[in-house]
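Here are a few exercises to work through with the model open beside you. Try each task before reading its solution.

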Amino acid sequence: MKTPMSEEEHEMTIAEAEPVQATRPDTKLTVTQLGKTYVTGKESHEIFRNVELTVEPGEIVSIVGPSGVGKTTLLRCLAGLLEATTGEIWIGDRRLAGPVPEMGLVFQDYSRSLLPWMRSRANVALPLESKGIARAERNRLAEESLAAVGLEGAGHKYPWQMSGGMQQRVAIARAIAYQADILLMDEPFASVDAQTRFDLEDLALDVRRRLGVSIVLVTHDIDEAVYLADRVIVLSGKPASVVDVVEVDLGRERDQLSTKALPAFAEARTRVLRQIRRP
Amino acid sequence: MAILSAPPATRAVPVPGPDTPWYRRRLGLLVGRLVVGVAIVLVWWLAAALDWLPDTLLPSPLAVLLAFVALIGEGAFWLSFLRTLGNGMAALGLAIVVGIPLGLVLGLLPPVERATRFLLDLGRSFPVIALLPVMILLLGANGQMEIVVVFLGVLWPVLLQTIYGSRRLDPVVRDTTRAYRFTLWIRFAKVLLPAAAPFTMTGIRVAGSVSILVAMAVELLAWTPGLGSDLGHAQIDERPDYALAYLFWAGFLGIGINYLFQFIEDRALIWNARGDQGGMAR
Amino acid sequence: MNGAARGLKSLAEQAWLPIVLVIVWWFASDWWWSTTTDSKKAFLPPLSRIWDAFIEEAQSGDLGVNFVASMRNIALGLLVGVVVGIAIGTVVGRSRAARAILNPYLQFARSVPQVALVPIIIGAFGITWVPKIWAIAIACIWPILLNTVDGIRAIDPAVRDMTKAYRLTSGHELFRVVLPAALPQIMAGIRVSLGVAVVVMVVSEIYGSTEGLGYFINYEKGLYRGPETWMATVLVGLIGYGLSLAFLVVEKFTLRWYHESAK
């Protein structure tokens, strides 16, 4: 059972870990003393405080916690959609002040963020238009990203012609085509059925393996959090704060059957659960 | 599917809470609106003073205000006002009496509804004011003719909305009433009418606004007594200040009618929800 | 029954009554006209005479000239109304402050009977065709403007999040995301303004004009020519119907994604 490590110990462990296929330098996400307080009139609600986390290039970090604790708020701060009250967010050596090209967001409700008047390929290519990329290149990137998520040849379909799982793949493809180095996912697999969820979880691992992106995943599903992550951040309390950081020592190669049977899986899972349910 | 896009119910501003930004809190809203109002009047005054638009189109705001207020004291104005309102409401009453039963029946019998669909679409999209010349030929230029024309114009919202409402009667409910052998009257009054009532009320509200529009148009073109002909007279007599004053009065009449019918619609639905007889007022 | 057959059946179900009515009208009106002694019969001409008047006026070219004039007026008036209505509606719709503050003014403007503007505008600018376009345009703006505002306000916050997160440029966001998202509401507004436009067109042409179908109807009425007056009235009615039908087709086509995705 590992205890939360200090920064230096953490640095050493990364050096000893298996090398990732493709690493993107300067995309380490560093969060220091992050806090968010909503001020409405005379009242103020502190959502979370003193959140510290780091995500190395190519890492997957899960954020779990009870419902309503503020996980989504935290993610929105990370994405630059919401301004944090205290603390700083750094990508590499640049400070975050709003949405950046290095981060791609995958929302929970995919159907509401995919545009129904555009085919899926156009949906994937849309952010690239704003980046000023030429059409031929855009389409190529879109097609590649769709292929990377297993939707090769489905680019001509409209989102409403696709199942929930496929739509979520399109949303992931959009984040990939955007050339994001860091994927932020807000309960991305919550709205699909269990079988599709397993497929999508494996897809996330696959994407990380092939493209070397880092992923920050917010989820309420503890199994999912442990299965995917290199590290699980447990958020709890009111106001919320990081109550535990659980290192997940299951190796980089994982699959739904064997990994979940490992004792290390159960241990990590139990520990996380205990932290969440602690009153 | 909306039959007619009704003038949306003008609802009160949402009650502000601690969360609300400055332009939603009661005072902030008032100030904002006042500022806009003052700005509009200033631009208007400037335009009139500097003659950006011909005087006959845009007299000074002060002149219009004076005319607007002056009308309040004129008995002739109120007579016209009541004439227009009266004609509109009379025609609306006729439309309700004809439109609701007809709508319920048509809604109940799908083959009939399909057969009449073309006619209904045609009637709905027919600009009733185009009928004015033939109506004048047939009935002369008087108040009765005006009521007939307005009736022809406001029948459609009431009729179509009632059809729509009665078509939406849950087939399960309909089968149940048939299975339990409810008498036709009870089915009509206690089942069909309440089901169609909300839609009918919307249709009546729309018809209310349309009735004033058509009434004024008839008065304007046929010179039957009312606000419309007063406006036309003011314009011919080269009193644009009065013409615009009439315009504003007509606008307030329109808003007033809309509020009134929205109020009635809300009340009627409350009674309906309480299960009173067929949504009809006691 | 396959699709085509079902379509034909539906068409037959809707067409039989109008066709029967027209036939009945033709013969019944002819019979009534030849037997009645009603003094008003000159103003209730039989369908056959109305038809004859149509052929005659169409061939002489009179009808054509006025028809084209009316179509021009309504087309231009609608165009201006749509463009300006969407433009202003977009600006107001994007700003929550503007929406809240301007609401009462917008509601008042739309409550004014738009036909009342006709004498004022024509009185000031004359009976040529350009003032009519302004009158039609001003009348059309309100439903479109208000619906555009509503449509933009109703855009899903998830969509906004997405455009922010992916850093879409403003122009991009406007034309590729915001306007298409609001399009269903905007089309509903245009549908309403279509009806308003036809009414204002007719009123403006009856009130003060030297051309147009409204003028034609009034002119014939002035000559007490029943068949011609009726003919032009029916024609205007059919035009109103035709325009709304045409719009329905356009709407179905442009909003295909909306209807399909709602299923």
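## Exercise 1: a sheet in chain A

In β8(A), the bridge partner of A:I182 is A:S214. This is a predicted model, in which local features need pLDDT of at least 70 and side-chain atom pairs count only at pLDDT 80 or more, while totals for chains, interfaces and linings use all residues. Residues are numbered from 1 along each chain as its sequence is written, and chains are lettered from A and ligands numbered from 1 in the order in which they are written.

Task: starting from that bridge, work out the order of the strands in the open sheet and which strands stand at its edges.

Solution. Step one: strand β7 (residues 182-186) and strand β8 (residues 214-218) of chain A run parallel and are joined by five bridges. Strands (DSSP runs of E, at least two residues) and helices (runs of H or I, at least four) are numbered from the N terminus, and two strands pair if DSSP finds at least two bridges between them.

From one strand to the next, the twist averages 20°.

Axes are lines fitted to C-alpha atoms, for helices over the stretch in contact, and angles run from 0 to 180 degrees between N-to-C directions.

## Exercise 2: a helix and its cover

Task: find why helix α4 (residues 120-130) of chain A is largely enclosed, and what covers its buried residues.

Solution. Step one: eight of its 11 residues are buried, so α4(A) is largely enclosed by the rest of the structure. Buried means that 20 or more other C-beta atoms, placed from the backbone, lie within 10 Å of the residue's own. Among them are A:R121, A:N123 and A:L126.

Step two: the cover includes α5 (135-148) and α6 of chain A, together with α8 (170-207) of chain C. Contact here means C-beta atoms, placed from the backbone, within 7 Å.

Step three: just after α4(A), A:G132 takes a positive phi of about 85°.

## Exercise 3: where chain B meets chain C

Task: how many residues does each chain bring to the contact, and which helix of chain B gives the most?

Solution. Chain B brings 48 residues and chain C 51. On the side of chain B, α4(B) gives the most, with nine residues.

Conventions: Buried ≥ 20, exposed ≤ 12 C-beta atoms within 10 Å, placed from the backbone. Contact = placed C-beta atoms within 7 Å.
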